[in-house]
Amino acid sequence: MLEKTFEPQAAEPRLYAQWEESGLFAPRTNGAAGAYSIVIPPPNVTGSLHIGHALNNTLQDILARYHRMKGKAVLWLPGTDHAGIATQMVVERKLAAEGNAGRRDMGRDAFIEKVWEWKAESGGTIVRQLRRLGASCDWSRERFTLDEGLNAAVRKVFVQLHKEGLIYRDKRLVNWDPHFQTAISDLEVEQREVDGAYWHFAYPLADGVTYQHPVAFDEDGKATDWETRDFIVVATTRPETMLGDTGVAVHPDDERYKGLVGRSVILPITGRRIPIVADDYADPTKGSGAVKITPAHDFNDFGVGKRAGLEALNILDAFGRITAADTPDVPADYEGMDRFAARKAIVARAEEEGWLREIEKTRHMVPHGDRSGVVIEPWLTDQWYVDAHALAQPALKAVEQGDTVFEPKSYEKIYFEWLRNIEPWCISRQLWWGHRIPAWYGPNGEIYVAETEDDAREQAMADYDSEVALTQDEDVLDTWFSSALWPFSTMGWPEKTEDLERFYPTSDLVTAADIIFFWVARMMMMGLHFMDEVPFKRVIINGLVRDEKGQKMSKSKGNVIDPLGIIDELGADPLRFTMAILSGTRDIKLSKQRIEGYRNFGTKLWNAARFSQMNEARRVEGFDPATVEQTINRWIRGELTKAERAVSGAIEGGRFDDAAGALYRFVWNVFCDWYLELAKPVFNGSDEAAKAETRAMTAWTLDQILKLLHPVTPYSTEELWAELGREGPARETLLIGAQWPDLPDSFVDTDAEAEIGWLVDLVTEIRGLRGEMNVPPSAKPPLTFVAPDAATEARIARHHDLLLTLARVSEIATAATAPEGAVTVVSGGATAALSLAGIIDLAAEKTRLEKEIAAFDSDIGHVNKKLGNPNFVARAAPEVVEEQREKLAAAEAGKAKLQAALARLSEIG
């Protein structure tokens, strides 16, 4: 007999060990019905399992387990990312905490050795945590983005792209982190709203030039008064960058400044003469309409500078300090000054010299390094780049023509938008941990790109008569570069391996929307370029997990849900089921209470299995469900078949919420609430043949339920599979290796469906009526069928005893008209009247309903007032507005239900 409850804390480690020992995580080699492959989005080696990982890997595991049970050779390939900047930061902090020498004092080789030591000791944390979630990856194929095989793939790709002119070196603006002294990607930049100001500076016009500037306007906005000016006003939130200004831009159609285009201003402090240029970037409606241009320190200004031929002067060093290396006209006082100290000094000087015209306080977004926390600087520096535009064209075409599809399809828009406006991809990072760039420099600055130093030396011999010293590039590659090769490098490329032949292109990729351009698009580019095939046939985008109010989870808000804490307390299955059933929205509202609610679902199934055991429902050797004769057994067979179709179709379509919903409805509502209830009289009856058939059918149906549920809730189903397998024929395999239910269409019996459907619908209507009328659970009113036809009378006779029990009525009769004091329901062509006179206090019930309707009216009015206020809708957080709309819908639905109940009361009088 089953234990009273499933104990996940004891069972899960034992079950996972059994799965691993079985070898079933690896692709089957014989008799496979095709192949299915999926590569895990590699989590950072520094990471711990968060709720986003739990969602993403639950969905992948559902796919892997489902296709494995369908008989396919399934490869779910796991691995971790070396996470350059994150890992380097972790190890540097560890060294500092232990009192060791710093990275630079230690030297590159010694530091890298320390990182590998840390990786060996602590780098497997998230892999162990994925096991706790139940991830059925083939761990024998686990990869690391810095392992030797992937290192060889990265070098080969770099060298080939360089030979093809698709990797090159260039001086461009990058996101520069002065703390880590490296370029970082857009994904590593966090926009934070901070207090700041617009400082309005007056730049004097050169050569004694003056112009008439409007200072007063009529109602139509036409200038009515002017003043003569010998200066032009610009505004900036970063005064320190003025030291690098090389132009002032105005809009070509701005009448105020048309006569100044081509003239110059004298830059304060430096005395530098800089031109006034016309460019559409300048917005006449903002500020003065004139914009200072610092090409070396602003991405927009860099574009203006390119168009106007302006010089780009770097006035910051790698630490964010003022440097006059490019700008000898910058006074020595500022040399080496921190950028924020320089800001204060420049503003003070502007005020002292009279060219500070206004300080306008503001709140604005400022880019920060997501790990360093410091303000990021756009910085002009030499870096390595990929010609992303050239690589993007095949990637665009592949999705346009359907070689790869997105689910939901709407996410293709993000993919297309980024690829059609793609910029060169900066792939070099000024770090030590990562794939070191395979480029060597000769004595005169020549660059030799090669897979090995020996190959580079061979190239150098063509330029020199004798062997010369070569120095390898100090930089490493952007982590996303090696990740872009993940689908094929992990399967052994550049070697021609059996895995590549069998599993590339992969079937699915499950990932998040925020890395469509950082990762998905780049994998498409690299896969098509090096494999001549898309890396995956379908991209399934999972939503973002938020808290129950729709707010983003953060430690500062205290609203983070720790998946490992949930697994410790409730087990992995409730978390997995919740992730699946809520996965159909972009923003998943999650609370611990919801997870606890779905734990009850597992408990319901466990109790149903115990009930079945108590009623001697055991698996029978050779039992054939096609031969059952009892109506309830033919009915449950058909309902199971329809549920299997719904679950299979949903998983195949990547609609995990629909799959979980179909499972929930069938297991809870159909099997537990109805089938077992309808089977009770059979179990307790004297018809031994019916009893034996129903026991066998119950056990068989439970087995099919375990198979259908297994991809979503693997632990509890595997445990039930083992426990229920102790009786009857021996199990041939663990549940993870069992065959997915193969149920023919003929299992759906329309006669049985109509018969049991009539009973279920009728009882449901009567129960709903009892609830609406506030009938006490203990009360058993009489039930009268009004003028039933012959078919209905026959059904009444067949299900008389069940109706008495399930509808909780005292007696069942038929009559030409409904009795006085009865409320009627119509279901399945039958009219039934429930006699409530004398059972409920009609006056009190009417008062109660009217009072509750009035309360709903009050709520509806209050919410409508809020939603009707344009200021509220415009200013409130989107999740707050959505919460109010949901509240309104719930109130209106509740009111409608009570109004229907009030209308029913009028039937009684």
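This is a chat about a few parts of a predicted model.

Q: Hi! What should I know before I start?
A: The model is predicted, so local features need pLDDT of at least 70 and side-chain atom pairs count only at pLDDT 80 or more, while totals for chains, interfaces and linings use all residues. Residues are numbered from 1 along each chain as its sequence is written, and side-chain values use heavy atoms, with hydrogens and water left out.

Q: Thanks. What is the strand order in the open sheet of 4 strands?
A: The order is β29-β28-β31-β30, and the pairing is mixed. Strands here are DSSP runs of E with at least two residues, helices are runs of H or I with at least four, and both are numbered from the N terminus. Two strands pair if DSSP finds at least two bridges between them.

Q: Which strands stand at the edges?
A: Those are β29 (812–815) and β30 (822–827). Each has a single partner strand, so one side of each is left without a neighbour in the sheet. The twist averages 30° from one strand to the next; angles run from 0 to 180 degrees between N-to-C directions, with axes fitted to C-alpha atoms, for helices over the stretch in contact.

Q: How many bridges are there between β30 and β31?
A: There are 6, and the two strands pair in the antiparallel sense, with β31 covering residues 830–835. Across that pairing, A822 stands opposite S835, and V825 stands opposite A832.

Q: How many residues lie between β30 and β31 in their hairpin?
A: There are 2, and G828 in the turn has a positive phi of about 55°.

Q: And how does β28 pair with β31, parallel or antiparallel?
A: They run antiparallel, joined by 4 bridges. V786 is opposite T831 of β31 there.

Q: Is β31 largely enclosed or open, and why?
A: It is largely enclosed by the rest of the structure, because 5 of its 6 residues are buried. Buried means under 20% relative accessible area, exposed means over 50%, and partly exposed is in between, using a 1.4 Å probe and protein chains only.

Q: Which helices sit on this sheet?
A: Helix α24 (residues 750–772) packs on the sheet and touches β28 (783–786), β30 and β31. The direction of α24 makes about 145° with that of β30. Helix α25 (residues 790–798) lies across β28, β29 and β31, running at about 165° to β29. Contact means heavy atoms within 4.5 Å.

Q: New topic: which residues of helix α6 are buried?
A: In α6 (residues 125–133), they are I126, V127, Q129, L130 and L133. They cover an arc of only 160° around the axis, which puts them on the same side of α6. That arc is taken from the directions from the helix axis to the C-beta atoms.

Q: What do they pack against?
A: Their partners are α2 (51–69), β3 (79–80), α17 (563–570), α18 (572–581) and α23 (714–724). After α6 comes G134, with a positive phi near 105°.

Q: How many disulfides does the structure hold?
A: It holds 0, where a disulfide is a pair of cysteine sulfur atoms within 2.5 Å. As for individual cysteines, C137 is buried at 0% relative accessibility, and C672 is buried at 9%.

Q: Okay, how many salt bridges are there?
A: A search of the whole structure finds 59. A salt bridge is a side-chain nitrogen of Lys or Arg within 4 Å of a carboxyl oxygen of Asp or Glu.

Q: How far apart in sequence are the parts tied together by R363 and D195?
A: They are 168 residues apart, because R363 lies in strand β15 (residues 356–369) and D195 in strand β7 (residues 189–204). Their salt bridge spans 3.1 Å, N to O. R363 is partly exposed at 45%, whereas D195 is exposed at 63%.

Q: Which helices hold R420 and E400?
A: R420 lies in α11 (residues 412–420) and E400 in α10 (residues 388–400), so the pair ties together parts 20 residues apart in sequence. The closest N and O atoms of this salt bridge are 2.8 Å apart. R420 is partly exposed at 48%, and E400 is partly exposed at 48%.
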